[in-house]
Amino acid sequence: MVECARIAVLVSGGGTNLQALIDAQGRGEIPHGEIVLVVSNRRGAYALERASEAGIESAVVSRADYADAQAQEEALIALLEEREIDLIVLAGFLLILSERFTKRFEGRIINIHPSLIPSFCGEGMYGLKVHEAALAAGVKLTGATVHFVNEIPDGGEIIAQKAVEVREGDTPEVLQQRVMEEAEWILLPRAVEAVASSLA
Ligand code: GRF
């Protein structure tokens with residue numbers, strides 16, 4: 001039981017979903033949670049700038065600083081535990097987490113994926129590849145999914161989904177942008193608040 005969930009956002013890149021969370025928090029839309037930590041596995045990720053501009057503590061847990069992937073993950077776990085994190089949000093975080101990690105924080109890790117799961121998801125399906133696959137399949141609707149994270153990539157329980165239209169002439173880049181604007185940036189803050197309030 002927590003009054004206000006301490007949230008860590010894990011990132012690898014640009015961090016527009018992190019920004020959507022920061023903005024939603026600023027508007028008072030995440031009353032049951034507070035983003036207290038941003039962790040990147042990539043030094044130089046622009047998401048780190050966003051954290052610093054918002055006055056949020058950030059850290060880098062880069063593979064280059066550890067002997068192997070397990071040591072890196074252990075450092076990540078230690079950091080999250082030290083900061084007493086209640087809810088972990090993967091927002092464009094490209095490391096696959098081991099079962100040890102997902103079991104440790106069971107029911108407290110969520111991810112955003114830019115398709116309607118179970119379509120166009122799983123290992124290796126990230127970034128533009130997801131939208132390329134949607135266009136190649138000729139689907140007329142795609143979208144975004146927020147789900148709990150377990151040991152199966154993109155395989156955990158679905159929390160929320162939002163559909164987005166695919167239009168004639170879409171390129172993967174155009175579709176990616178529309179999915180972000182019309183689905184991801186709206187869905188993620190709402191799902192975070194819903195999960196945070198369920199922990200309260
Ligand atoms: C988003 O499309 C998200 O769904 C996926 O990775 C991308 C991250 O973008 N998991 P950003 O770093 O939030 O801008």
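What follows is a walk through the helix packing, the salt bridges and a few individual residues of this structure.

A word on the ground rules before we start. The model is predicted, so local features need pLDDT of at least 70 and side-chain atom pairs count only at pLDDT 80 or more, while totals for chains, interfaces and linings use all residues. Residues are numbered from 1 along each chain as its sequence is written, and side-chain values use heavy atoms, with hydrogens and water left out.

Let's begin with helix H1. Helices here are DSSP runs of H or I with at least four residues, strands are runs of E with at least two, and both are numbered from the N terminus. Two packed helices are described by the angle between their axes and the distance between the axes. H1 covers residues 16–26 and packs with H2, residues 46–53, at an angle of about 15°, the axes lying 9 Å apart. For these values, axes are lines fitted to C-alpha atoms, for helices over the stretch in contact, and angles run from 0 to 180 degrees between N-to-C directions. That makes H1 and H2 roughly parallel to each other (angles under 35 degrees count as roughly parallel, over 145 as roughly antiparallel, 65 to 115 as roughly perpendicular and the rest as oblique). On the H1 side, Thr16, Leu18, Gln19 and Ile22 take part, and they meet Ala47, Arg50 and Ala51 in H2; contact means heavy atoms within 4.5 Å. The residues of this contact divide into four nonpolar, two polar and one charged. In that scheme Ala, Val, Leu, Ile, Met, Phe, Trp, Tyr, Cys and Pro are nonpolar, Asp, Glu, Lys and Arg are charged, and the others, Gly among them, are polar.

H1 also packs with H6, here at an angle of about 55°, again with axes 9 Å apart. H1 and H6 are therefore oblique to each other, and their crossing is right-handed. Thr16, Asn17, Ala20, Leu21 and Ala24 in H1 meet Met180, Glu184, Trp185, Leu188, Pro189 and Val192 in H6. By class, this contact has eight nonpolar, two polar and one charged residues.

Staying in H6, have a look at valine 195. Valine 195 counts as buried because its relative accessibility is 4% (buried is under 20% relative accessible area, exposed over 50%, partly exposed in between, with a 1.4 Å probe and protein chains only). Setting aside neighbours within four places in sequence, valine 195 is in contact with Leu87, Ile110, Phe148 and Ile159. Its C-alpha atom is separated by 9.2 Å from that of glycine 33, 162 residues apart along the chain.

Now for the charges. Side chains of opposite charge can pair when their charged atoms come close. The whole structure holds eleven salt bridges, each a side-chain nitrogen of Lys or Arg within 4 Å of a carboxyl oxygen of Asp or Glu. In one of them, glutamate 82 pairs with arginine 83, with the closest N and O atoms 2.4 Å apart. Glutamate 82 is exposed at 57% relative accessibility, whereas arginine 83 is partly exposed at 22%. Glu57 joins Glu82 and Arg83 in a network of salt bridges.

Another salt bridge pairs lysine 103 with glutamate 151, the closest N and O atoms being 3.9 Å apart. This pair links distant parts of the chain, 48 residues apart: lysine 103 is in helix H4 (99–104), and glutamate 151 is in the loop between strands E6 (141–148) and E7 (158–165). Arginine 167 and glutamate 182 also meet in a salt bridge, at 3.9 Å from N to O. Here the link runs from the loop between E7 and H6 to helix H6 (172–199), across 15 residues.

The peptide bond from isoleucine 117 to proline 118 is cis, with omega near 20°, and proline 118 is found in the loop between strand E5 (109–113) and helix H5 (128–137). Phenylalanine 120 is found in the loop between E5 and H5 too; its phi is near 50°, a positive value in a residue other than glycine. Phenylalanine 120 is buried, at 18% relative accessibility. Glutamate 84, in the loop between helix H3 (69–82) and strand E4 (87–90), also has a positive phi near 50°, but glutamate 84 is exposed, with a relative accessible area of 56%.

How values were computed
A crossing is left-handed if the near helix is turned anticlockwise from the far one by less than a right angle, and right-handed if clockwise.
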